[in-house]
Amino acid sequence: MYQKRLAELKERIAQACARAGRDPEDVTIVGVTKYVGVDETRSLIEAGLKDLGENRISVAAPKLEAIPAETGVRWHFIGHLQTNKVKEVLGNFSMIHSLDRLSLAKEINKRAVAAGLTVPCLVQVNVSGEESKGGFTPQDVAGFLAAAGEMPGLAIRGLMTMAPVSDDPEAVRPVFRGLRELRDEMIGRGLFPADANELSMGMSGDFEVAVEEGATLVRIGSVLVKP
């Protein structure tokens, strides 16, 4: 079942890439496993999925314990991260997608430096301006990046956003385009290294539009794991 779903998802991504003149190899599927247990997660891995996303450490913990590192899985933390949970995330996740405030950056940096780690992070940006969404405003990103540049425990790898929920994927295209343009601006201003180009955007309902606009990481849940 999961092999078929994964193959269909990859084909849809390939078609979106073709429309945008992109290489499908530049898009990574992050399977969101927060709704499924250890056995289903193992089945996804066996089907060929190597990047898995969790948004709560309490839900992720049993899977992290049960699935050995030898499987080659890369775990992504994609949810709101409380500062008092940073110590549990460090060392268990290959990337934090939701760096959304300066206080969190300082806590990650402090614990990472103490542990001799450098933590890959994406800066969460509230492109849509929705009050219910977390993240920096686009106008505040440059100032944050300047501050983050002084934190040796952080490796800023790009940007992340969450688009508004909409029945029409085209309606959220400007959000994805805005994140790509912001990344390009930050690279142009020298606030990002040229290779810090990750864009984590797009979910099950709108990932094709996100890919057309430059997504390098798509966070896919229901398309893969729906009953």
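Guide: Let us begin with the surface, bearing in mind that this model is predicted. The protein exposes about 10600 Å², and carbon and sulfur atoms supply 49% of that area.

Visitor: How many charged side chains does the protein have, and how far apart do the centres of the positive and negative sets lie?

Guide: There are 27 positive and 31 negative side chains, and the centres of these two sets lie 4 Å apart.

Visitor: Which radius of gyration would a compact globule have with 227 residues, and what does the protein have?

Guide: A compact globule with 227 residues would have a radius near 17 Å, and because the protein has 17 Å, the two agree. Along its principal axes, the C-alpha trace spans about 45 × 40 × 30 Å, and the chain forms nine helices and eight strands.

Visitor: What should I look for in the interior?

Guide: In soluble globular proteins, nonpolar side chains tend to be buried together. Here, buried residues make up 47% of the 227 residues, and the largest nonpolar core has 67 residues, with Ile-29, Leu-99, Ile-108, Leu-159 and Val-218 having the most contacts inside it. Helix 1, residues 2-20, gives the most to this core, with six residues, while another core, of five residues, lies apart from it and includes Val-30, Met-95, Met-160 and Leu-217.

Visitor: Which residues does Leu-99 touch, beyond those up to four places away in sequence?

Guide: Among them are Leu-104, Ile-108, Cys-121, Phe-136, Phe-144 and Ile-156. Across the protein, 58% of the contacts between residues at least 6 apart in sequence join residues at least 24 apart.

Technical notes:
Residues are numbered from 1 along each chain as its sequence is written. This is a predicted model: local features need pLDDT of at least 70, side-chain atom pairs count only at pLDDT 80 or more; totals for chains, interfaces and linings use all residues. Side-chain values use heavy atoms; hydrogens and water are left out. A nonpolar core is a set of buried Ala, Val, Leu, Ile, Met, Phe, Trp, Tyr and Cys residues joined through side-chain atoms within 4.5 Å. Buried means under 20% relative accessible area, exposed over 50%, partly exposed in between (1.4 Å probe, protein chains only). Helices (H or I, at least four residues) and strands (E, at least two) are DSSP runs, numbered from the N terminus. Contact means heavy atoms within 4.5 Å. The radius of gyration is taken over C-alpha atoms; the globule rule is 2.2 Å times the number of residues to the power 0.38. Accessible areas come from the Shrake-Rupley method with a 1.4 Å probe; for residues, only the protein chains shown count as cover. Lys and Arg count as positive and Asp and Glu as negative; His and the chain ends are not counted. The place of a charge is taken as NZ of Lys, CZ of Arg, CG of Asp or CD of Glu.
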